[in-house]
Amino acid sequence: GVPVVTTFGALSEPYWKETGAVVAVPAASPEMMGGAIEQLLSEQRNGAARSAAAALYLARFAPDVALAPLFDEL
């Protein structure tokens, strides 16, 4: 549930931008990082990013979800 600012480059997966859980700035433009951080400090954007991050975690990375494929085969 923590909003994240990260860089996005040629090898980055578009999925991360689509989730809304991260604010991605071009890897070749690190000066944009400050503006992205300021965006996340706004109460409305921060709340939306936190909600998206929490939803992403629960859908993809929570232990019961991440480990399920290991036990489905049994």
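This is a predicted model: local features need pLDDT of at least 70, side-chain atom pairs count only at pLDDT 80 or more; totals for chains, interfaces and linings use all residues.

Me: Ok, core first. Which residues make up the largest nonpolar core?

Reply: There are six residues in it: Val5, Val23, Val25, Ala36, Leu40 and Ala49.

Me: And which elements give two or more residues to this core?

Reply: Strand 2, residues 22–26, and helix 2, residues 32–41.

Me: What does alanine 36 touch, not counting residues up to four places away in sequence?

Reply: Three valines, namely Val5, Val23 and Val25.

Me: How about alanine 49, where is that?

Reply: Alanine 49 sits in helix 3.

Me: Why does alanine 49 count as buried?

Reply: Its relative accessibility is 1%, and the cut-off for buried is under 20%, so alanine 49 counts as buried.

Me: Leaving aside neighbours within four places in sequence, what is alanine 49 in contact with?

Reply: Pro3, Gly20, Ala21 and Leu40.

Me: Switching to glutamine 39. Which helix is it in?

Reply: Glutamine 39 belongs to helix 2.

Me: Is glutamine 39 buried, exposed or partly exposed, and why?

Reply: Partly exposed, because its relative accessible area is 43%, which falls between the 20% and 50% limits.

Me: What does glutamine 39 touch, again without residues up to four places away in sequence?

Reply: Val23 and Arg45. Val23 is also one of the core residues. As for valine 4, it is 35 residues from glutamine 39 in sequence and 11 Å from it in space, C-alpha to C-alpha.

Me: Now the outside. Which residues form the nonpolar patch on the surface?

Reply: Trp16, Tyr57, Leu58 and Phe61, which together have about 410 Å² of accessible area.

Me: Where does the largest share of the nonpolar patch come from?

Reply: Helix 3, residues 43–61, gives three residues. Leucine 58 is found in that helix.

Me: Is leucine 58 buried or exposed?

Reply: Exposed, because its relative accessible area is 58% and the cut-off is over 50%.

Me: Aromatics next. How many aromatic pairs does the structure hold?

Reply: Two. In one of them, the rings of tyrosine 15 and tryptophan 16 have centres 5.2 Å apart and planes at 75°, so that pair is edge-to-face.

Me: Why does 75° make it edge-to-face?

Reply: Because planes over 60 degrees apart count as edge-to-face, and the tyrosine 15 and tryptophan 16 planes are at 75°.

Me: What about tryptophan 16 and phenylalanine 61?

Reply: Those two form a stacked pair, with 6.1 Å centre to centre and 10° between the planes. This pair links distant parts of the chain: tryptophan 16 is in helix 1, residues 15–19, while phenylalanine 61 is in helix 3, 45 residues apart.

Me: How do the relative accessibility values look for tyrosine 15, tryptophan 16 and phenylalanine 61?

Reply: Tyrosine 15 is partly exposed at 26%. Tryptophan 16 is partly exposed at 32%, and phenylalanine 61 is partly exposed at 41%.

Me: Last one: which residues form the aromatic cluster?

Reply: Tyr15, Trp16 and Phe61 make one cluster. Trp16 and Phe61 belong to the nonpolar surface patch as well.

Terms used:
Residues are numbered from 1 along each chain as its sequence is written. Side-chain values use heavy atoms; hydrogens and water are left out. A nonpolar core is a set of buried Ala, Val, Leu, Ile, Met, Phe, Trp, Tyr and Cys residues joined through side-chain atoms within 4.5 Å. Buried means under 20% relative accessible area, exposed over 50%, partly exposed in between (1.4 Å probe, protein chains only). Helices (H or I, at least four residues) and strands (E, at least two) are DSSP runs, numbered from the N terminus. Contact means heavy atoms within 4.5 Å. Patches are made of residues with over 30% relative accessible area and no salt bridge: like charges are joined within 9 Å, nonpolar side chains (Val, Leu, Ile, Met, Phe, Trp, Tyr) within 5 Å. Accessible areas come from the Shrake-Rupley method with a 1.4 Å probe; for residues, only the protein chains shown count as cover. A salt bridge is a side-chain nitrogen of Lys or Arg within 4 Å of a carboxyl oxygen of Asp or Glu. Rings of Phe, Tyr and Trp (its six-membered ring) pair if their centres lie within 6.5 Å; planes under 30 degrees apart count as stacked, over 60 as edge-to-face and the rest as tilted.
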